[in-house]
Protein chains: 4
Amino acid sequence: MQLSENKERPASAWRNRLHEIVFESETLSGRIFDLLIIWLILLSLLVVTLESVREIREDYGRALFYTEWFFTILFSIEYLLRLMAVRKPLRYALGFYGLVDLLAILPTYISLLVPGTQYLLSIRILRLLRIFRILKLSEYISEGKIITSALVASRRKISVFLVSILAIVTIVGATMYVIEGEENGFTSIPTSIYWAIVTLTTVGYGDLSPKTGLGKTLASIVMILGYAIIAVPTGIVTAELTRKAKQLSTQVCPECHAHDHDADAVFCKFCSSKL
Amino acid sequence: MQLSENKERPASAWRNRLHEIVFESETLSGRIFDLLIIWLILLSLLVVTLESVREIREDYGRALFYTEWFFTILFSIEYLLRLMAVRKPLRYALGFYGLVDLLAILPTYISLLVPGTQYLLSIRILRLLRIFRILKLSEYISEGKIITSALVASRRKISVFLVSILAIVTIVGATMYVIEGEENGFTSIPTSIYWAIVTLTTVGYGDLSPKTGLGKTLASIVMILGYAIIAVPTGIVTAELTRKAKQLSTQVCPECHAHDHDADAVFCKFCSSKL
Amino acid sequence: MQLSENKERPASAWRNRLHEIVFESETLSGRIFDLLIIWLILLSLLVVTLESVREIREDYGRALFYTEWFFTILFSIEYLLRLMAVRKPLRYALGFYGLVDLLAILPTYISLLVPGTQYLLSIRILRLLRIFRILKLSEYISEGKIITSALVASRRKISVFLVSILAIVTIVGATMYVIEGEENGFTSIPTSIYWAIVTLTTVGYGDLSPKTGLGKTLASIVMILGYAIIAVPTGIVTAELTRKAKQLSTQVCPECHAHDHDADAVFCKFCSSKL
Amino acid sequence: MQLSENKERPASAWRNRLHEIVFESETLSGRIFDLLIIWLILLSLLVVTLESVREIREDYGRALFYTEWFFTILFSIEYLLRLMAVRKPLRYALGFYGLVDLLAILPTYISLLVPGTQYLLSIRILRLLRIFRILKLSEYISEGKIITSALVASRRKISVFLVSILAIVTIVGATMYVIEGEENGFTSIPTSIYWAIVTLTTVGYGDLSPKTGLGKTLASIVMILGYAIIAVPTGIVTAELTRKAKQLSTQVCPECHAHDHDADAVFCKFCSSKL
């Protein structure tokens, strides 16, 4: 379409105004628009949730159906407005928020063809991530960034950990399939791997549990293993968060070479020379 | 009433004496009063608990009923005494301990209208929080304060974490509702969200568990996710407690009155004067 | 008896010799005696365990019964030897190991009066704690001491935490009893408190689980609470262990006041002066 | 055979070439060989997994059977090639990868005698550990080494912890056997120990759960214990990882060759010379 051909359109007055309203929350109208959208999202989530309850659906199904379409059309219009408000619509459309905005309306349209998919509308909750930005909860955003960056910094350690987990559950699952067999509910290797995950993560539904002595012994080992190795991701994230908390200052005193000064220190705490 | 109109009543001798007895534990009579109340609370909790056991209720129901009223009337008198003993009764009544003291007697009265509510009397256990104060367990209080302050200091990180958990269980719950459907027990989105919480927190009752292959796969991902992200709150609290353990110094600079110096600081980090 | 009257008996040659054999493992005979006892303990544990399995008991019950008495008589003789080998028998008899040694033989004798108690003989496993001492596993002992001292150092924080847990489960249990009621399995407040503990600790047997919407909501809150507050004991112990690891040296350089020197440092790492 | 008699064979051109292909991935042919093997392993795992699903086995059993033999023969040839490619075949055959390579083909041959053992082929997943080496994922390897070395460094603490766990579950298991007895499902001490492990590790299947009041009380204590002592392994690993994160410096003193200097050290802590 024209939108994709003409990515760098000159800023025009109406687009700037539209951008202010739908994307920003500095102006009064922008703030009202944002709060309105937040409430619409919450209401639409409530409608989808209510519709899934059989008793409510049987009584108010028609009303909920129309409300849902009402919300979807509103959000579709909002989506088009957002596309028009930015100078590079494609970049918006393919970005995280753009995709979430699209996925938040698609299921209703698809449900015309495949009934039931409208329940996937609950992805709309992700749109609430904007709530942090809009309500100027900058302190929360920075806290979220600390957590995220700690996770990102330890992503390799976590990957190694997850791959090890996968290898363990595959071997344990296959071994349990051989030990317990189909007569005890371990009907296939995938099912046994599912059991191994349920056990290693200490969830323990109990829909499947070992019956033979050998199976119980192996299960016991897996449980103690799962109980102990939870220490690994915890240790990884904690060490990273502790390190981050310390990295506030890397200043070293020019006089006495002492380190470990606080981020707000002006003078060396050991020899009183200026930092 | 008069109480609220006349909040700042002049201290009178009998009120001071009453205050010493019911609120403080410096004097012998105050100490005896406090220990008496503690034992009454524990006994009344025992009575409520025993009454809930069917066999005991059938045999001793009448006796337990009267004992309960006996305790409630005693605690009502104590509540009135406390109201009279303070100069600002409203401030006490609306404070934490005042509300707990009130909630600890209300259920018995309400049970006259709505049978069964008397079991809510177990809120009386919160009154035992005073045990720490009364028994001069100051070291325990300060330890409790360290934990509390670590939780308060990381409240924003914990909020971000909880909001993320809620978003995850909503999306996972709705998706499982679509995948498993009502025939496998996932009868509505709220029920599916409940299942997602049971799984993510690794509780795993097993009253609901996925039956389809796709459902088991999604469940496995949620379990491993729940197993791994428990590292996040743990890391947050640990990093905070570790930081606190280092911040033991309560020195204040004699020159510039700055505080927050490290335990090993020799000079003020802000104005370089000797600490 | 004579033993208690005459606590401070003069050391005699045969007692010293006996002490060397039954209490120490420096000499060859002492070492052989200790290893023999370890193997007897392990064998007797095996016998008790085997006897509890119905199929084995039905086939070999008589043989196992005699074997058990054989072990008990051997351990009784050993207990008497230990009593004779020390100069202050009462101090040994009332100490930790003395009580364990006694409890490790009593159940067999009691089982003559109360059948079934012989299974409590598994307390014999505690006698294996000596294995560390005997096998000169000094490094393991010191590691154990680090863990123990970290737990002891944080005992007050852990007490505060446990008391909070008990208060939470009592209130939640009573509330669930009111919400769910006896028709959903929550037959009494003690049962509901048991359910609350099962849920808060994320064990989740599933023998009891909420059926009503309100009950599931409260259960969800308890689960997320239990999932999050496990961070507290973890944080407490980790902070303590980290602190211990750092406390290797508290040296401060006499020249530049720098701290954070390793335990093995001879010169200041910042200004090269002798520590 | 000849292989073991002649361990140190002179390097020949063809062996070097073969070694480059099957063991290394510097050359193009070596890289192609490695990637081919990785895909064959993944495919063979898929075949074994599919074969375990009854519906698929009934429809495609014969095809899967032949495919499995095809993979096993391929891997057998690869194993022989590896034996031929190294100068010391016995050292390879008895090393970790050599044993895994052998165990990855043996089950198919054994399944001729003992049907069902072919599912143990899932040990082939361990062969994928080479994926890290081959794909030059050196950063992942070093991260894996940090985790592994942290676990190795705390192996004694972890052993002490595991032994304590075993002692606890043995005593608790035997006590529960006496309390609950066979009529409540605690049919033997091994079964009760299995229950104790399920409970202490907070897995909680629910296939076995206490029925009596005393049993529920003991179970509650075990749960809270299990909930609290998970802090111990977590604390151990975290303290170790935190310590490792600080030990980043690999400086060696130019004078006295001492290592283990802190990252911020300016002078050698042993001989005071400049680093």
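**Salt bridges, up close**

A: Let's start with B:Glu20, which forms a salt bridge with B:Arg17; the closest N and O atoms of the pair are 3.6 Å apart. Keep in mind that this is a predicted model. Both B:Glu20 and B:Arg17 sit in helix 2 (residues 13-22) of chain B, three residues apart, or about one turn of the helix. An α-helix has 3.6 residues a turn, so residues three or four places apart point the same way. And side chains of opposite charge can pair when their charged atoms come close. How open are the two partners? B:Glu20 is partly exposed because its relative accessible area is 32%, and B:Arg17 is partly exposed too, at 43%.

Now hop over to chain C. There, the side chains of C:Glu58 and C:Arg54 meet in a salt bridge, 4.0 Å from N to O. These two are four residues apart in helix 4 (residues 54-85) of chain C, so about one helical turn separates them. With a relative accessible area of 58%, C:Glu58 is exposed, whereas C:Arg54 is partly exposed at 41%.

Another salt bridge goes from one chain to another. D:Glu182 pairs with C:Arg57, and the closest N and O atoms are 3.1 Å apart. D:Glu182 lies in the loop between helix 10 (155-180) and helix 11 (189-200) of chain D, while C:Arg57 is in helix 4 of chain C, so the pair joins two chains. D:Glu182 has a relative accessible area of 21%, so it counts as partly exposed. C:Arg57 is also partly exposed, at 25% relative accessibility.

Chains A and B have something to show here as well: A:Arg54, A:Arg57, A:Glu58 and B:Glu182 are linked in a network of salt bridges. Count over all chains and you get 24 salt bridges.

On the chain D side that touches chain B, the residues divide into one nonpolar, three polar and no charged. The contact takes four residues from each of the two chains, D and B. Together they bury about 170 Å², with 33% of that on carbon and sulfur atoms.

D:Glu78 is in helix 4 (residues 54-85) of chain D. At 4% relative accessibility, D:Glu78 counts as buried, because the cut-off is under 20%. Its side chain makes a polar contact of 2.7 Å with the side chain of D:Arg82. Leaving aside residues up to four places away in sequence, D:Glu78 touches D:Phe33, D:Ile37 and D:Arg127.

Let's step away from charges for a moment and look at the backbone. Most residues other than glycine have a negative phi, and most peptide bonds are trans. B:Thr202 has a positive phi, near 60 degrees. B:Thr202 lies in the loop between helix 11 (189-200) and helix 12 (213-229) of chain B, and it is buried, with a relative accessible area of 7%. Over in chain C, the phi of C:Thr202 is positive too, near 60 degrees. C:Thr202 sits in the loop between helix 11 (189-200) and helix 12 of that chain, and C:Thr202 is buried, with a relative accessible area of 7%.

Quite a few of its residues are buried, among them C:Leu218, C:Val222, C:Met223, C:Ile224 and C:Tyr227.

Of the 275 residues in chain A, 49% count as buried. And among the contacts in chain A with a separation of 6 or more, residues 24 or more positions apart account for 53%.

Technical notes. Residues are numbered from 1 along each chain as its sequence is written. Chains are lettered from A and ligands numbered from 1 in the order in which they are written. This is a predicted model: local features need pLDDT of at least 70, side-chain atom pairs count only at pLDDT 80 or more; totals for chains, interfaces and linings use all residues. Side-chain values use heavy atoms; hydrogens and water are left out. Contact means heavy atoms within 4.5 Å. Buried area is the accessible area (1.4 Å probe) that two parts lose on being put together, summed over both. Ala, Val, Leu, Ile, Met, Phe, Trp, Tyr, Cys and Pro count as nonpolar, Asp, Glu, Lys and Arg as charged, and the others, Gly among them, as polar. Buried means under 20% relative accessible area, exposed over 50%, partly exposed in between (1.4 Å probe, protein chains only). A polar contact is a pair of N or O atoms within 3.5 Å; within protein, one must be able to donate a hydrogen and the other to accept it, and residues adjacent in sequence count only if both atoms are side-chain atoms.
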